[in-house]
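This report concerns charged and aromatic side-chain contacts. Please consult the sequence and structure shown below.

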Amino acid sequence: MNKIDTPTDIVRLSKKRQRNVQEQNRLSEYGLRTTATYWRAHALPKALHDAGLAHGIDWGNSIIIDLVADLPWMRDTVMGTILSQQEKFIEFEIETSQQHQLINSIEVWLDVTAQANVHKHNRGTGRGAGAMALEIRRQLCAPAGSPSADSSTIESAIPAF
């Protein structure tokens with residue numbers, strides 16, 4: 001896959017009516033990378049941060065693939081997917097206090113690695129989202145000075161708010 005597209009390219013692609021497999025993959029990868037980069041640069045909800053630490057997550061070497069909080073029908077809930085330092089896909093759902101500071105209960109903490117599509121060549125759909133996420137994690141969490149490290153996104157740990 002080519003280098004990450006500029007925001008202008010992504011806007012143009014997103015407005016296009018019909019996309020080929022490579023264009024669909026570029027949009028998917030852009031979305032995953034944007035989410036992962038955002039949560040590496042911003043503080044996680046404290047309840048998620050604490051739950052991750054309790055389950056052995058090294059936040060400096062893991063990425064958030066998906067994070068949703070406070071859905072209208074599920075107030076005070078944080079849920080989503082983590083790609084851990086061991087390259088395991090973890091789905092979670094955590095009931096929290098009102099400001100996501102305290103854990104009320106961990107409803108789901110499940111290793112879904114076996115269900116993740118980590119194939120780089122899928123007939124008709126191209127790269128799997130899992131394969132894209134693994135590549136993004138390796139780039140964002142690469143040691144400083146390595147060829148795949150992006151110095152603007154490397155942090156030793158992700159803070160909690």
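## Salt bridges and aromatic pairs

Lys46 and Asp50 lie four residues apart in helix 3 (residues 46–54), and are therefore separated by about one helical turn; helices (H or I, at least four residues) and strands (E, at least two) are DSSP runs, numbered from the N terminus. The model is predicted: local features need pLDDT of at least 70, side-chain atom pairs count only at pLDDT 80 or more, and totals for chains, interfaces and linings use all residues. Residues are numbered from 1 along each chain as its sequence is written, and side-chain values use heavy atoms, with hydrogens and water left out.

The whole structure holds four salt bridges (a side-chain nitrogen of Lys or Arg within 4 Å of a carboxyl oxygen of Asp or Glu). Among them are the following.

| Salt bridge | N to O distance |
|---|---|
| Lys46 and Asp50 | 2.7 Å |
| Glu87 and Arg137 | 3.2 Å |
| Arg138 and Glu87 | 2.9 Å |

Arg138 in helix 4 and Glu87 in the loop between strand 2 and strand 3 are 51 residues apart in sequence, so their pair ties these parts together. Glu87, Arg137 and Arg138 form a network of salt bridges. Within it, Arg137 is buried at 11% relative accessible area, whereas Arg138 is partly exposed at 42% (buried means under 20%, exposed over 50%, partly exposed in between; 1.4 Å probe, protein chains only).

There are two aromatic pairs (rings of Phe, Tyr and Trp, the last by its six-membered ring, with centres within 6.5 Å; planes under 30 degrees apart are stacked, over 60 edge-to-face, the rest tilted). The Tyr38 and Trp39 rings, with centres 4.9 Å apart and planes at 90 degrees, are therefore edge-to-face. Phe92 and Trp109 form a tilted pair, 6.0 Å centre to centre with 35 degrees between the planes.
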